[in-house]
Amino acid sequence: MFENSPPRLELMSPPEMDQAQRAVYDAITDGPRASQAGTVPIVDEAGRLVGPFAVMLLSPQVGDAMQRVGAAVRFRTSLTAREREVAVLAVAAGARCDFEWLAHEPAARTAGITAPQVAAIRDGRVPGGLSGTETVACRLAQALVRDRSLSDHDYAAGLAALGQARLAELTWLVGYYCALALALAVFRPELPESFRAAHDGSGPSQR
């Protein structure tokens, strides 16, 4: 994936940002994501936004809207942490997005997803040992990435297991993380060496 290609986008330090970019930076670093510090990477050692957050600075108005959507799908839905994280890993594996995978594997493990379950999702399988709703969330996320839609059977299964509102939340979550994977692949933001060294060779594009 892009992590093995030359970067296209250098990370921006806070003093380099204009007012609009700094507002996006503050919203990302001081908002609900601050509670995830140490689990999902937001900034590097120099305080520069990493991954998709770095891309959001390129167009602050759109970037701010995107980060707000991201905060909503991550912190304001009725999906459980386990349902959410198996779905995010399913997107990362299906899109072969190493950064997304490496950023969210620790969050999945914190939520109680085991190493064998994580490995199964990385390989494109639905792991055993999940609850019924977690299994549906993982399977439907894989289908959405692969097919860009749901069959009537999967739609009915999603409604039965999750209900209409939570199925909508899952759909928006998958769409958001697919958008991030696309932005990462296009702009290839610089990957901090510490992040690369800590996770070298463990992303889905390495399988």
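Reply: The second largest pocket holds about 160 Å³ of space. A pocket is an open set of points on a 1 Å grid over the protein atoms alone, where a 1.4 Å probe fits, with protein on both sides within 12 Å along at least five of seven lines. The volume is the space filled by probe spheres set on the points, which are joined across faces, edges and corners. This is a predicted model, where local features need pLDDT of at least 70 and side-chain atom pairs pLDDT 80 or more, while totals for chains, interfaces and linings use all residues. Residues are numbered from 1 along each chain, and side-chain values use heavy atoms, without hydrogens and water.

Me: Which residues line the second largest pocket?

Reply: Among them are Pro52, Met56, Val62, Met66, Leu180 and Phe187; lining residues have an atom within 4 Å of a point.

Me: Which helix gives the most to that lining?

Reply: H8, with four residues. H2 (52-56), H3 (60-75) and H8 (152-187) each supply at least two. Helices are DSSP runs (H or I, at least four residues), numbered from the N terminus.

Me: OK, cysteines. How many disulfides are there?

Reply: Zero in the whole structure; the cut-off is a pair of cysteine sulfur atoms within 2.5 Å.

Me: Is cysteine 97 buried or exposed?

Reply: Buried, at 0% relative accessible area. Cysteine 178 is partly exposed at 25%. Buried is under 20%, exposed over 50%, partly exposed in between (1.4 Å probe, protein chains only).
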